[in-house]
Amino acid sequence: MHLIADSGSSKTDWVVCKADKILQKLETKGFNPYYYTSDTLDKLLEQDLLPKLKHHEVSSIFFYGSGCSTETNQDIIYRSLRKGFKNAKIEINHDLLGAARSLFGKQAGIAAILGTGSNSAVYNGKNITHNIPSVGYFFGDEGSGSNLGKRLIASYLKNEMPADIKKIFDSEYNYSFEYILKQIYNTDSPVKFFASLTPFILDHIKTDFLHELVYSSFHDFFEQNICKYEHYEEMPIKFVGSIAFIFADILNEAAHDLGIKISAIRKAPMEGLIEYHS
């Protein structure tokens, strides 16, 4: 039996399957080795995953995770999984390869992720051949949930947010200036704080200000992460991720204005990964 994991910074989806038959679904906290130690993952597996696996005999594990693009980070994941699954074959890959396999199978195209973070790559049907590095929430992650939240907070702190929206924001969150700075600079994962604000953006997306905020973030994503690929106009482009899915209309609007056609938008990669590994 396979255990497939799709791990982001916010949550990890786990599926136990035999061929294309799903035997069990689980969800745990997300794990990104750039933000957490191996001890954190060890505890997550021991407390939240292993006790709930219903004694399935897992023979192979396919783990796709954000932050797993380097051998060092892959090794962090591997060592923790090996402790819990001593006899399983374990394969660790970047979530970007997972997105490409889910969206395109064995076909070629440009795969893009818009979730808590963002990324993109050119995929030849087997491997990723080109990737413009996302470089994370601090320098990049355009179009992601963390980027939307970061733009929202910046407009709030700099008094650029319209008064009517600021009033609603204050009534819903009641955040002090000091609290916001503490969440950004004194917590393990500021991306979670930024991304946690996307429900507010979605609830008020019909306002011109928030529509423009999302549109500009998506527009920047296309310019920085899609248009720089050679011959991008000739390749199918598909998206996966919660942000791409819930703001699909604005994503298509930004793409259209740049002469780009999106072939598909999928909320999560797991269905495609199950099919790929079956």
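A: α3 and α13 are roughly perpendicular to each other (65 to 115 degrees; under 35 is roughly parallel, over 145 roughly antiparallel, the rest oblique). Their angle is about 80°, and their axes lie 7 Å apart. Axes are lines fitted to C-alpha atoms, for helices over the stretch in contact, with angles from 0 to 180 degrees between N-to-C directions. α3 covers residues 95–104, and α13 covers residues 270–277. Helices (H or I, at least four residues) and strands (E, at least two) are DSSP runs, numbered from the N terminus.

This is a predicted model: local features need pLDDT of at least 70, side-chain atom pairs count only at pLDDT 80 or more, and totals for chains, interfaces and linings use all residues. Residues are numbered from 1 along each chain as its sequence is written, and side-chain values use heavy atoms, without hydrogens or water.

Which residues make the contact between α3 and α13? From α3 come Gly-98, Arg-101 and Ser-102. From α13 come Gly-272, Leu-273, Tyr-276 and His-277. Contact means heavy atoms within 4.5 Å. By class, this contact has 2 nonpolar, 4 polar and 1 charged residues. Ala, Val, Leu, Ile, Met, Phe, Trp, Tyr, Cys and Pro count as nonpolar; Asp, Glu, Lys and Arg as charged; the others, Gly among them, as polar.

Now α13 itself. Its buried residues are Met-270, Gly-272, Leu-273, Ile-274 and His-277 (buried is under 20% relative accessible area, exposed over 50%, partly exposed in between; 1.4 Å probe, protein chains only). The cover over these residues includes strands β1, β2 (11–18), β3 (21–29), β4 (60–65) and β10 (262–266), along with α3.

His-2 belongs to β1, which spans residues 2–7. The side chains of His-2 and Ser-60 form a polar contact of 2.5 Å. A polar contact is an N or O pair within 3.5 Å; within protein, one atom must be able to donate a hydrogen and the other to accept it, and residues adjacent in sequence count only if both atoms are side-chain atoms.

Next, α5 and α6. α5 meets α6 (residues 163–173) at about 110°, with axes 11 Å apart. That makes this pair roughly perpendicular. Leu-152, Ile-153 and Tyr-156 of α5 meet Lys-166, Phe-169 and Asp-170 of α6. By class, the contact has 4 nonpolar, no polar and 2 charged residues.

The buried residues of α5 include Leu-152, Ile-153 and Tyr-156. Gly-145, Ser-146, Asn-147, Leu-148, Gly-149 and Ser-155 are buried as well.

Asn-159 follows α5, in the loop between α5 and α6. Its phi is near 60°, a positive value in a residue other than glycine. Asn-159 counts as exposed at 62% relative accessibility. Asn-174 sits in the loop between α6 and α7 (177–185). Phi of Asn-174 is positive too, near 50°. Asn-174 is exposed, with a relative accessible area of 66%.
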